[in-house]
Amino acid sequence: KDSGSSVQLSQGGTMAAFSALTNLGGTSYNPNVTLAKQTLTSKAFVATFVRDNNLLPFIMAAKGWDSKADKMIFDTKAFDRKLSKMRYQPSDEDIYKSFLDRLTIFTDRQTGYITLGFKFYSPHYAQNILQTLVTEINNTIKNKEVTKAEKAIEYLHLKISQTNASD
């Protein structure tokens with residue numbers, strides 16, 4: 001049974017690192033907050049995140065947690081523990097739905113900070129998933145910002161060369 005555990009990144013230093021890396025906090029409206037939320041709820045991002053971080057068994061086949069043995073309990077029809085392999089390949093839609101059913105996103109309107117929670121059988125796994133998710137979101141936003149800045153610089157160089165050519 002799902003213990004209902006949730007790890008929120010606003011506790012301790014993890015949320016501060018998340019907001020500092022992406023400049024998400026400090027205002028009631030920040031385009032990076034919107035971008036982070038849009039990315040977090042994007043089907044393509046979620047499916048890629050789950051697959052790239054080998055989370056498919058945890059998202060699609062976990063059915064409990066054995067706290068005494070400190071082991072995840074998997075649905076054996078969905079996951080072969082001996083081969084460490086899913087018995088089927090879930091669609092991106094199924095991955096997306098299952099992941100978002102567990103994810104909570106809260107934005108404080110006054111500070112602009114985003115609080116994430118992940119409901120899972122093991123608080124330890126929930127925390128690890130969230131920390132990996134925060135890293136991925138930070139990297140995604142950082143890469144988008146760098147690309148945006150590079151395009152702006154490229155545009156300015158083009159305008160300068162056009163201005164110099166017309167002189």
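**Predicted model: burial, salt bridges and strand pairing**

Q: Why is Asp80 called buried?
A: The relative accessibility of Asp80 is 15%. Buried means under 20% relative accessible area, exposed over 50%, and partly exposed in between (1.4 Å probe, protein chains only). At 15%, Asp80 therefore counts as buried.

The model is predicted, so local features need pLDDT of at least 70, side-chain atom pairs count only at pLDDT 80 or more, and totals for chains, interfaces and linings use all residues. Residues are numbered from 1 along each chain as its sequence is written, and side-chain values use heavy atoms, with hydrogens and water left out.

Q: What makes Asp80 and Arg87 a salt bridge?
A: Their closest N and O atoms are 3.7 Å apart. A salt bridge requires a side-chain nitrogen of Lys or Arg within 4 Å of a carboxyl oxygen of Asp or Glu, so the pair qualifies. A search of the whole structure finds four salt bridges.

Q: How do you know that Glu93 forms a salt bridge with Lys43?
A: The closest N and O atoms of Glu93 and Lys43 are 2.5 Å apart, which is within the cut-off. This pair links distant parts of the chain: Glu93 lies in helix H5 (residues 92–102) and Lys43 in helix H3 (residues 43–52), 50 residues apart. Helices here are DSSP runs of H or I with at least four residues, strands are runs of E with at least two, and both are numbered from the N terminus. Lys43 and Glu93 are also linked with Lys97 in a network of salt bridges.

Q: Why are Glu93 and Lys43 called partly exposed?
A: Glu93 has a relative accessible area of 29%, and Lys43 has 37%. Both values fall between the two cut-offs, so both residues are partly exposed.

Q: Why is Thr39 called buried?
A: Thr39 has a relative accessible area of 6%, which is under the limit for buried residues. Thr39 sits in helix H2 (residues 31–40). Leaving out residues up to four places away in sequence, Thr39 touches Phe45, Ile137, Thr140 and Lys144, where contact means heavy atoms within 4.5 Å.

Q: How do you know that strands S1 and S2 pair?
A: Strand S1 (residues 62–66) and strand S2 (residues 71–74) share four bridges in the antiparallel sense. Pairing needs at least two DSSP bridges, so the two strands pair. Trp65 has Met72 in S2 as its bridge partner. S1 and S2 form a hairpin with four residues between them, and Asp70 in the turn has a positive phi of about 55°.

Q: How many helices and strands does the protein chain have?
A: The protein chain has six helices and six strands. Buried residues make up 37% of its 167 residues.
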